[in-house]
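Here is a protein to look around in, one piece at a time. Keep the sequence and the 3D view open while you read.

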Amino acid sequence: MAVVIVVAALAALLALITQVGVFLSERAHPARGRIVEVAGGALHILDLGPHDAAGPPIVMLHGASSNLEVMRRPVGERLARKHRVILIDRPGHGWSTRLRLEDSTPEIQGRMIGEALAKLGVGQAIFVVHSWAGALGLRMALDEPQTVAGLVMLAPVAYPWPGGVGRYNKIIATPVIGPLLAYTITLPLGHLLAERGARVVFLPQTMPDDFVRDTATPLLLRPREFIANARDFVTLKAAVAEQAPRYAEITAPITIITGDESDKTVSTCIHSRPLAAVAPNAKLIVLPGVGHMVQQAAPDLAIAEVEAMMGAMTPRAAAAAD
């Protein structure tokens, strides 16, 4: 009986520490944009740059375990000097919400993002997508081709891979035990491990100083976001297995920028190379010695490729108007 009391007291203490941590994280990293209500949740959107700029807006979507801040600097803010740039917290991440944790697939998230863009008056856009959001951008190009004028993909996920996902993500995505852990130990433990985990994703590049703080990464450790992130991981493999046979249908131009075998997070041989081989209008750029955080390792190249895609669209738009 004494052991039960001690365990219950410890769990209560950890739950209290977690709630204090959530309060402090949210105060340190407040929402910077506007909230747009959509079916199934609400999306936090940061709309930068001139709205009357020539060419379609640029929509930037982040990968797993992150939020829109990862795309804002250094690439998003620089593009916004000349273009309208729309940064979105994916459903369940950052300051975006989703009413059902089960709404984790690229198909459902793409539908929510498409609805939000329609409410902003965005008809077509160039999508810049990183990692997990590669599958999301591809799904939107399949389901809403009229919205996706082009895709610039940074180290994207596109296909099923051997094996599964991390054991902890499977546990967190499990009913009852997952929320129990998320609301007690995840935040205190995560604060000890977050920086180390981020450094691994950057390898072989060096993570910038204060990256974790500057990208609002501590928001990930909030229970509701941590569970949503885990659900995104555990449902992704089946989702890409279902959509991958259709990639040859995508007619929008695609530029893929990825590292070589140095990227230990998302394999270029499993994802980027097969996608470039099957998509009709795909261009593949493989960067020797570059890891998973392409937007940090090669921001000038990423910006140049977005600009090149934008420039190629201007003559086509002018011809269509004649």
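Let's start with two strands side by side: strand β6 (residues 125–130) and β7 pair in the parallel sense over six bridges. Strands count as paired if DSSP finds at least two bridges between them. Helices (H or I, at least four residues) and strands (E, at least two) are DSSP runs, numbered from the N terminus.

Before going on, a word on what you're looking at: this is a predicted model, where local features need pLDDT of at least 70, side-chain atom pairs count only at pLDDT 80 or more, and totals for chains, interfaces and linings use all residues. Residues are numbered from 1 along each chain as its sequence is written, and side-chain values use heavy atoms, with hydrogens and water left out.

Back to the strands. How many of the seven residues of β7 (residues 148–154) are buried? Seven of the seven are, so the strand is mostly covered, buried meaning under 20% relative accessible area, exposed over 50%, and partly exposed in between (1.4 Å probe, protein chains only).

Because 11 of its 12 residues are buried, α4 is largely enclosed by the rest of the structure. Among the buried ones are Trp-132, Arg-139 and Met-140.

Most residues other than glycine have a negative phi, and most peptide bonds are trans.

| Spot | Feature | Value |
|---|---|---|
| Ser-65 | positive phi | about 55° |
| Ser-131 | positive phi | near 55° |
| Arg-73 to Pro-74 | cis peptide bond | omega near 5° |
| Leu-203 to Pro-204 | cis peptide bond | omega about 5° |

Ser-131 sits in the loop between β6 and α4, and at 9% relative accessibility it counts as buried. Ser-65 is in the loop between β3 (58–61) and α2 and is partly exposed, at 29%. Pro-74 belongs to helix α2 (residues 69–79), while Pro-204 is in the loop between α7 (186–202) and α8 (211–214).
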